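Please look over the sequence and the model shown here before reading the briefing.

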Amino acid sequence: MIENGKREPKLSVLQAIAAALGVPLQDLLRAEAPSRRAGLEIDLTHFQQETAYAALGLPVVRGGRRLPADALEALVGLHRELSRVLTEQSATPEVARKANAQLRVNMRERNNYFPEIEAAAAKVLQSVRYTTGPLSQRGILDIAASLGFSLHYVNDLPGSTRSVTDLKNRRIYLPQVASGKGHDPRAVVLQTLGHFVLGHNDPSDYGDFLRQRVEANYFAAALLMPEKFAVEFLREAKADRALAIDDFRDAFGVSYETAAHRFTNLVTQHFGIPVHFTRVHESGIVYKAYENDGVRFPSDVTGAIEGQPICRKWASRTIFHAEDPYSSFYQFTDTSAGTYWCTVHIESTRSGEFSVTVGTPYEHARWFRGGDTTRRTVSHCPDPDCCRRPPADLVRRWAGSAWPSARVHSHLLAALPPGTFPGVDNQDVYQFLDRRG
């Protein structure tokens with residue numbers, strides 16, 4: 001048992017064995033198993049002692065000589081894969097950042113334009129004889145019915161969900177009252193329908209989950225702001241040199257952020273104008289970002305932008321210190337990558353205030369309302385002397401005399417919730433559907 005690593009002897013026992021065998025004590029302390037099979041048997045024993053395996057409620061398999069070698073190999077291989085998946089989940093922040101960074105690369109390569117989703121949305125609108133203008137609740141009901149679904153508004157939707165779909169009875173359950181988190185109730189319905197129109201299956205990993213979410217969001221925006229009419233609207237505005245996200249929002253009755261996202265879908269593809277987009281918290285942390293205009297966002301070693309502090313000189317942050325931050329805000333910013341013009345809007349949420357920014361290189365500012373602004377700043381980031389390193393006089397006065405108590409954002413440390421759909425409690429969902437019959 002000691003030879004096979006299944007029992008750990010006391011040091012005095014090891015010394016006695018080493019003396020009896022006439023070998024140095026260190027030879028008995030080597031980590032390598034005496035044979036491959038012995039090593040596999042040891043691995044199997046250790047894996048089955050893990051809490052994760054015990055939680056599965058499966059029986060313990062003995063790795064003795066009666067267990068065939070191929071069965072032993074298969075069991076250990078399965079345990080290693082289980083361990084890898086659980087390790088990946090425990091490293092959620094890194095896994096999510098890498099997946100998000102790769103997704104952003106793919107979006108940039110296609111200028112954030114998805115012709116196949118545009119076509120799918122146009123086909124759905126044609127089926128319900130949509131003409132123009134903001135998509136009404138009646139229109140959404142017609143779209144759902146055309147796809148074989150009925151909508152049901154309830155007051156006991158599981159807290160981890162925005163909607164729940166009963167595929168057996170083709171019902172989509174939605175909250176009776178809007179969540180208050182800035183979600184357009186129409187968009188929630190259309191995003192849910194988008195998963196089925198686009199043929200999404202259960203996500204295979206976190207990257208697949210993010211891709212499906214982006215595609216469903218795109219589909220909803222393409223219904224709320226159809227390509228044909230949105231491009232016509234933008235073409236007229238560009239001819240007047242009056243492109244404005246505010247006007248785009250109002251023309252289709254959507255949120256500012258939805259209009260800004262949709263603008264990035266269409267403006268490069270149809271007008272050749274490169275752009276960038278950010279959603280930045282009042283603390284200066286980037287929550288969302290996209291670019292195809294060469295702007296250099298702060299990033300970590302994985303290439304991820306989300307969670308990084310943005311330069312204090314950028315319009316996404318200077319707006320919070322403006323005299324009237326809730327009015328139209330425009331700014332030119334000189335950076336190491338060139339000069340950029342930005343238009344910014346502030347949205348208030350339960351999590352604080354966020355700035356939503358759309359920007360473009362200097363030479364394209366002439367097509368936008370506010371492109372003649374005189375507001376201008378200079379950013380030297382990533383040089384730490386730009387805005388990250390405190391001024392020398394402040395350091396002299398306070399170095400060694402300050403002890404801040406940091407607010408820890410626990411969600412950044414949390415593991416990826418297990419299950420097919422990250423963050424969703426399956427038990428709550430199944431119990432909810434069971435109550436609904």
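Predicted model: local features only at pLDDT ≥ 70, side-chain atom pairs only at ≥ 80, totals over all residues.

Residues are numbered from 1 along each chain as its sequence is written, and side-chain values use heavy atoms, with hydrogens and water left out. Helices (H or I, at least four residues) and strands (E, at least two) are DSSP runs numbered from the N terminus.

- Three strands make up an open sheet with the order 1-3-2 and mixed pairing, where two strands are taken to pair if DSSP finds at least two bridges between them.
- Strand 1 (150–154) and strand 2 (164–166) are the edge strands, and each has a single partner strand, so one side of each is left without a neighbour in the sheet.
- On average, neighbouring strands of this sheet are turned by 25° against each other, direction ignored.
- Strand 2 pairs with strand 3 (residues 171–175) in the antiparallel sense over three bridges, and Asp166 stands opposite Arg171 in strand 3.
- Helix 8 (residues 185–197) lies across strand 1, strand 2 and strand 3, and runs at about 150° to strand 3; axes are lines fitted to C-alpha atoms, for helices over the stretch in contact (heavy atoms within 4.5 Å), and angles run from 0 to 180 degrees between N-to-C directions.

- Strand 4 is joined by five bridges to strand 5 (residues 286–291), and the two run antiparallel, with Phe277 opposite Tyr290 in strand 5.
- These two strands, strand 4 and strand 5, form a hairpin with four residues between them, and Gly284 in the turn has a positive phi of about 100°.
- Strand 4 also pairs with strand 8 (residues 352–361), in the antiparallel sense over six bridges, and here His276 stands opposite Gly359 in strand 8.

**Backbone features in loops**

- Cys381 and Pro382 are joined by a cis peptide bond with omega of about 15°, and Pro382 is found in the loop between strand 9 (376–378) and helix 14 (392–398).
- Asn111, in the loop between helix 5 (92–109) and helix 6 (115–127), has a phi near 55°, a positive value in a residue other than glycine, and is partly exposed at a relative accessible area of 24%.
- Asn112 lies in the loop between helix 5 and helix 6 and has a positive phi of about 60° although it is not a glycine, but Asn112 is buried, with a relative accessible area of 5%.

**Surface residues**

- Leu21, Val23, Leu28 and Leu29 form a nonpolar patch on the surface, with about 340 Å² of accessible area together.
- Patches are made of residues with over 30% relative accessible area and no salt bridge, like charges being joined within 9 Å and nonpolar side chains (Val, Leu, Ile, Met, Phe, Trp, Tyr) within 5 Å; accessible areas come from the Shrake-Rupley method with a 1.4 Å probe, and for residues only the protein chains shown count as cover.
- Leu29 lies in the loop between helix 1 (11–21) and helix 2 (36–48) and counts as exposed at 54% relative accessibility.

**Salt bridges**

- A search of the whole structure finds 19 salt bridges, each being a side-chain nitrogen of Lys or Arg within 4 Å of a carboxyl oxygen of Asp or Glu.
- Asp208 forms a salt bridge with Arg211, the closest N and O atoms being 2.5 Å apart, and both residues lie in helix 9 (residues 206–224), three residues apart, about one turn of the helix.
- Of this pair, Asp208 counts as buried at 14% relative accessibility, whereas Arg211 is partly exposed at 32%.
- Asp385 and Arg389 meet through their side chains in a salt bridge (3.0 Å, N to O), with Asp385 exposed at 52% relative accessibility and Arg389 partly exposed at 48%.

Technical notes: Buried < 20%, exposed > 50% of the residue type's maximum accessible area, 1.4 Å probe, protein only.
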